[in-house]
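Hi,

Here is the structure I promised to pass on. Have a look at it first, and my notes on what turned up follow below.

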Amino acid sequence: MPELPEVETTRRGLVPLLLNQRIAGALVRNHAMRLPVPRALPQLLAGATIRGISRRGKYLLFDCAQAGGQTGTLILHLGMSGRLWVVDQATPAEKHDHFDLALENGTVVRLRDPRRFGLVLWHKGDPLRHKLLVAIGPEPFSSEFDGDWLYRITRHRAAAIKLVIMDSHVVAGVGNIYANEALFRSGINPLSQARRIGNARCALLAQHIRETLDDAIVAGGSSLRDYVGSDGMAGNFQSQFSVYGREGEPCPRCGARIHHVQQGQRATYYCPGCQKR
Ligand SMILES: [Zn+2]
């Protein structure tokens with residue numbers, strides 16, 4: 001599943017190709033995504049210039065403007081299995097290629113999404129006010145997200161800390177892999193009740209959430225060209241996992257065996273030696 005670092009790596013890969021380019025047209029091959037793709041979308045996009053590509057959580061926001069002054073945002077979400085591919089016009093579409101954004105310069109950005117949990121939407125006005133985006137918590141790299149925020153928001157939460165940091169109302173875009181890794185780096189047991197994590201440990205966790213995501217983005221940055229249009233994770237971060245997917249292997253810090261449990265139907269990996277309740 002594409003997580004925040006993959007979405008950010010995709011965004012950075014698209015910016016130099018798309019910024020200030022005019023859209024020739026858009027093609028919707030399948031309207032049945034997680035929400036229906038708006039029927040008017042090709043009409044709204046044709047002729048518009050892409051003024052910027054930003055990200056909120058795992059949503060990509062394409063800021064579009066028509067010569068006549070009308071503006072709006074193309075909102076894309078990659079869902080469970082979505083990928084964006086940069087191809088040329090002659091590349092034949094495959095079975096799960098549901099949406100094409102074609103530029104006047106001949107470049108085509110193609111959304112492939114076998115499971116169709118992704119989204120292709122249009123929003124007039126401030127995209128951050130869109131109903132899917134408005135309640136998302138602070139971006140992990142914003143100044144709003146820090147130890148104090150994490151401390152305040154966890155005080156009355158009896159749920160496990162791992163589930164709380166994966167809640168997008170608490171912080172945007174921390175998925176399963178990065179929650180596991182950030183908790184290991186912070187020495188916090190993922191099963192601990194959120195409200196029992198003290199101020200100092202909240203500060204450490206906020207810092208490690210940022211660092212883990214940033215390391216993954218940096219690792220992805222070295223293979224950007226491969227990424228927009230390839231399978232797999234952002235770059236080589238996979239080889240840097242300390243605990244994720246390493247059940248039974250020795251902890252890189254203390255040598256104890258990594259444990260595996262299920263939490264909220266997601267796999268949790270941790271070192272019982274290093275990660276304290
Ligand atoms: Zn350990």
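Arg12 and Glu8 sit four residues apart in helix α1, which means about one helical turn separates them. Their side chains meet in a salt bridge, 2.8 Å from N to O. By salt bridge I mean a side-chain nitrogen of Lys or Arg within 4 Å of a carboxyl oxygen of Asp or Glu. Helices here are DSSP runs of H or I with at least four residues, strands are runs of E with at least two, and both are numbered from the N terminus. Arg12 is partly exposed at 41% relative accessibility, while Glu8 is buried at 6%. The cut-offs are under 20% relative accessible area for buried, over 50% for exposed, and partly exposed in between, with a 1.4 Å probe and protein chains only.

Before going on, a caveat: this is a predicted model, so local features need pLDDT of at least 70, side-chain atom pairs count only at pLDDT 80 or more, and totals for chains, interfaces and linings use all residues. Residues are numbered from 1 along each chain as its sequence is written, and side-chain values use heavy atoms, with hydrogens and water left out.

Back to the charges. The salt bridge count comes to 14, and Glu8, Arg11, Arg12, Arg55, Arg56 and Glu139 are linked in a network of them.

Another salt bridge joins Arg29 to Asp100, with 2.7 Å between the closest N and O atoms. Arg29 lies in the loop between β1 and α2 (41-45) and Asp100 in strand β6 (residues 97-103), so the pair ties together parts that are 71 residues apart in sequence. Arg29 is partly exposed, with a relative accessible area of 35%, whereas Asp100 is buried at 6%.

How about helix α1 itself? Eleven of its 15 residues are buried, so the rest of the structure largely encloses it. Among the buried ones are Leu4, Val7, Leu14 and Leu18. Arg11 is in this helix too, and it is buried with a relative accessible area of 19%.

α1 is followed by Asn20, which has a positive phi near 65 degrees although it is not a glycine. Asn20 is in the loop between α1 and β1 (23-28) and counts as exposed at 56% relative accessibility. Gln265 likewise has a positive phi of about 65 degrees without being a glycine. Gln265 is in the loop between β9 and β10 and is exposed, with a relative accessible area of 73%.

Helix α5 (residues 176-186) is mostly covered, with ten of its eleven residues buried. Including Ile177, Tyr178, Leu183 and Phe184, the buried set also takes in Glu181. Gly187 comes after α5 and has a positive phi near 70 degrees.

Now the metal. Which residues coordinate the zinc ion? Cys251, Cys254, Cys271 and Cys274 do, each through SG, at 2.2 to 2.3 Å. Donors are N, O and S atoms within 2.8 Å of the metal (3.2 Å for Na, K and Ca), and since water is not among the atoms, sites may look incomplete. The donor residues are spaced C-x2-C-x16-C-x2-C in sequence. Cys251 lies in the loop between α7 (224-227) and β9 (259-263) and Cys271 in the segment after β10 (266-270), so the pair ties together parts that are 20 residues apart in sequence. Both Cys251 and Cys271 are buried.

Cheers
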